[in-house]
Each structure stands twice: as C-alpha cells, then as structure tokens.
Amino acid sequence: MHLFRYSCNLLSKASPQRVARFCSTIKPNPEPEYPGASAPYIGIPKLTMPKEVTPIPIYRVMATNGCVLDSTQDPNLSKETIQKMFRDMVLLNTMDKILYESQRQGRISFYMTNYGEEATHIGSAAALEQRDLIYGQYREAGVLVWRGFTISQFIDQCYGNVDDAGRGKQMPVHYGSRELNFVTLSSPLATQMPQAVGAAYAMKRQNNDTCVVCYFGEGAASEGDAHAAFNFAATLDCPVILFCRNNGFAISTPSSEQYKGDGIAARGPAYGIATIRVDGTDVFAVYNATKLAREYVLKENKPILIEAMTYRISHHSTSDDSSAYRSAEEVEIWNSDRHPISKLKNFMIQKGFFNETEESSFVSEVRKKVLKQITESEKKLKPNWKEMFEGVYHEMPKHLKDQMKEMEDHIAAHKDAYPLKKFKN
Ligand SMILES: Cc1ncc(C[n+]2csc(CCOP(=O)(O)OP(=O)(O)O)c2C)c(N)n1
Ligand SMILES: [Mg+2]
C-alpha cells in the first residue's frame, strides 16, 4: 500500500511520457477475480440492451396440420398412449363446458376452464412418473385427469359436499389428492413455488429417484415468491421442474403489460437454471421437453425451467368477461387451427388412429357421465358445519373452540334461518 502511494505521488509529478512508460510495466490483471461474477474486463463502457439477447426459441414437433416436422423428434408413442392423450384432453374439454354452464345456472359458485392449455397438462403429465410430486396453480386439471382423478372427485369438489376431500373448505377447482401425489391447490398466487422447491430439496436428500413439478402462470411469475423459488432452486440444486404456462393473460393483464424482456424463459439463465421454451399447443413437444427435463433434474440434481407458450381461450374464470379486453377474432384463431386438440386430431387422422364414430360416442358417454354426476353431487349432503373449524390444528386451540361454541348456540337459537337439513349431522 505504501509503495503504491509513493508511486502515485511520484507519477503525479512525472511527465506524461514517464507515466505511459510506468503504466506499460504494470501487468493487466488477466482475469477479474470477484466472488460475485466470472466475466472478462472491458475498457469501454457498454450497455447490454435487452434486444441484443437472442430470444429463446420455441421447440415444437408438429406443424399446425399435425405433421411431424422432423421424424427424429417423433416420440413414437403407442396408439393406446396417443388415444389416451387425446381422450383425456377431450374429457377435460367436455367436463369444462358442462361445469362452466352449471356455474352460469347458479348450481356451483365458481369455475375455471382449461381451454387451449390441454396439451400442456397431458403432454407433461404423460412424461412424468406417478410418484413425482406435483404442485399446481389451478389451471392444470388435465394433469389430474391423466393421473386418474375421477369425474366424481372433480364434481364433488366443485360442489363442496361430504365426498369432497377438502370438506367444502375451498372454492371450486381447488383440487388435491394424496393418492395421486398432487398437493392441494391454494388461491394465493405463487405460494406453491417455494414450497415445491423445498419439497424437491427433501427429495434430493432422500435420493429416491423422484422429482417435483411446479406449475405456475406467467402472471404468478411476477410474485416475489417466484423469485425466491428460482433462486433457492438454483442455489440449493433442487430436482424441480418449474413449469410455466404462459397463456398470454393474467386475468385482464396481457403478457405485454406483465413483463418486459424475453418472457419467463429468459429468467432461467439469469438465475443459472437450464431452460427450454416449448409450443404448449403441441402435446408431443411438451412431452419430449418434460421427459428431457425429468432426466436432467434427476441426473444432475438441478432445477429446470420450462416455458410452455399457449393462449388462454376461455375467460379467466366465471368472474371474468374477456370480451372487454380482447377481440373475438383473436380468440377464434386459437380456438380453431391452433387448438391443441385439433393438432393432435390431425396427427391421428394421418396415422389412421382416428375413428370419427368412436370418438363422438366417447364424447357423448363423457357428457352423460358428467351430467349424471352433477345430479348426484348436488344431492349429496354438505359436510357437518363444525368441520369448518377442524383440520387446521392437530388439537383445536381455545379460540376456535370458543368460536365453535358460539356458532352452536347461535344455530340452536336460529334453527329456522339455516338449511341444516342440507348438512351432515
Ligand atoms: C397473491 C395473489 N394476488 C392476486 C390474486 C388474484 N388472481 C387470481 S388469478 C390471477 C391471475 C394469474 O395469472 P396467471 O398466473 O398468468 O395464470 P392464468 O390464470 O393465466 O392461468 C390473479 C391476479 C391471487 N389469487 N393471489
Ligand atoms: Mg396467464
């Protein structure tokens, strides 16, 4: 330090020629050695502009007409698997239409459809193992269909009756299933993300060849929890597939107002996470990408980010009217040629896997089952009202006991004001 100051003093009094000679004797530091980054030095300031960064490409397998563009990318699934993929997508679509209508008729309080995103659910679910643990957001009902959640389980949950596993405590579409390794959904956006990463960290410690998959929307990715999840996943090397469904909207906020830059995918490399962007209307592309992701996260014990590009064809939920913020023509483009079901149907027709009569009788069968189930679920009793105080704490704390007693007295005093016959005793 002394020597340095001494040289500086001398230099300040020296001629420019001597300064230049002195500087040429100093060896430039070959590599910067900051703990926080490994990057070379530059001598002229340069802004890195977002537009200079090449957009992450969208991987696809099929063209809109269902043709496989490169035969090496055809996952060559069996006819039975492809048929299950198609039928599960159709089942979800059919069930959605009826449940959406049943909300409009005032029979259930709320509903969310999955139109346009069917291939992201089925393609990813098909590439996973049943033991892989899933954390969803809410628009991933197809994952449950693939895993075997039944029509009655879906509808009992929407009706919040005695057979709803959630005991009527949550809004419709907040499904969950311990048997199917699907963690119960919760409404506050992005809360599932750090939880999923934590679970993946536990999986890594157990070394049980199981990964975690966490679905989230591009809107939810603006939450602070998303940052925490990305950063913990990367720094703790967690085997988690962070699966973003980018459907272009967060209720009425289009993705152009949600973020700047190259979407959610671009955040992957920024956090040090391997990333793939995929055509979410192409079931085979989603399948291949998820298969690759699963192998990678388990082999490397590291996270992966998938961004599946789709379009939310439906309104956000039954509480939204999307005609207020987008045109019917725009929606129609995605609801016809670009629809994931029509893409897969085109593929199946070319392969000779599609039988019009069989498929339409499948749809009418599903319709019948759903309608029958609605009548049954509607008739079932609601859980005993006392259950709303239970199930959170192992032992009910005093304040809840007090509230329950208060309600008991209230109900006893106003029996006629409540539809008690509709609740289990
Ligand atoms: C913390 C929090 N903020 C706001 C909301 C209200 N909300 C519910 S869904 C939603 C939009 C989410 O959009 P996105 O993540 O893109 O999912 P998508 O509905 O498109 O599938 C908002 C703002 C919420 N549930 N939780
Ligand atoms: Mg969205």
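Trainee: How do the residues of the shell around ligand 1 divide into nonpolar, polar and charged?
Mentor: Six are nonpolar, five are polar and four are charged. Keep in mind that this is a predicted model.

Trainee: Which residues are the closest to ligand 1?
Mentor: Leu189, Gly217, Gly219, Ala220 and Ala250. In total, 15 residues surround the ligand.

Trainee: Switching to H3. How many residues has it, and what does it reach from first C-alpha to last?
Mentor: Helix H3 covers residues 79–104, which is 26 residues. Its end-to-end C-alpha reach is 38 Å, close to the 38 Å expected at 1.5 Å a residue.

Trainee: Which residues of H3 are buried?
Mentor: The buried set includes Ile82, Met85, Phe86, Leu91, Leu92 and Leu99. Asp88, Asn93, Asp96 and Ser102 are also among them.

Trainee: And what covers those buried residues?
Mentor: Several helices, including H4 (118–127), H5 (141–147), H6 (151–159) and H11 (283–300). H13 (340–351) and H14 (356–379) contribute to the cover too.

Trainee: What happens just after H3?
Mentor: Gly106 takes a positive phi there, about 80°.

Trainee: Now the sheet. What is the strand order?
Mentor: S1-S8-S9-S5-S4-S2-S3. It is an open sheet of seven strands with parallel pairing.

Trainee: Which are the edge strands?
Mentor: S1 (58–59) and S3 (182–183). Each pairs on one side only.

Trainee: How many bridges join S5 to S9?
Mentor: Six, between residues 240–246 of S5 and residues 304–309 of S9. The two strands run parallel.

Trainee: What is the bridge partner of Arg245 in S9?
Mentor: Ala308.

Terms used. Residues are numbered from 1 along each chain as its sequence is written. Chains are lettered from A and ligands numbered from 1 in the order in which they are written. This is a predicted model: local features need pLDDT of at least 70, side-chain atom pairs count only at pLDDT 80 or more; totals for chains, interfaces and linings use all residues. A residue is near a molecule or strand if its C-beta atom, placed from the backbone, lies within 6 Å of it. Ala, Val, Leu, Ile, Met, Phe, Trp, Tyr, Cys and Pro count as nonpolar, Asp, Glu, Lys and Arg as charged, and the others, Gly among them, as polar. Helices (H or I, at least four residues) and strands (E, at least two) are DSSP runs, numbered from the N terminus. The expected span of a helix is 1.5 Å times one less than its number of residues. A residue is buried if 20 or more other C-beta atoms lie within 10 Å of its own, exposed if 12 or fewer, and partly exposed in between; C-beta atoms are placed from the backbone. Two residues are in contact if their C-beta atoms, placed from the backbone, lie within 7 Å. Two strands pair if DSSP finds at least two bridges between them.
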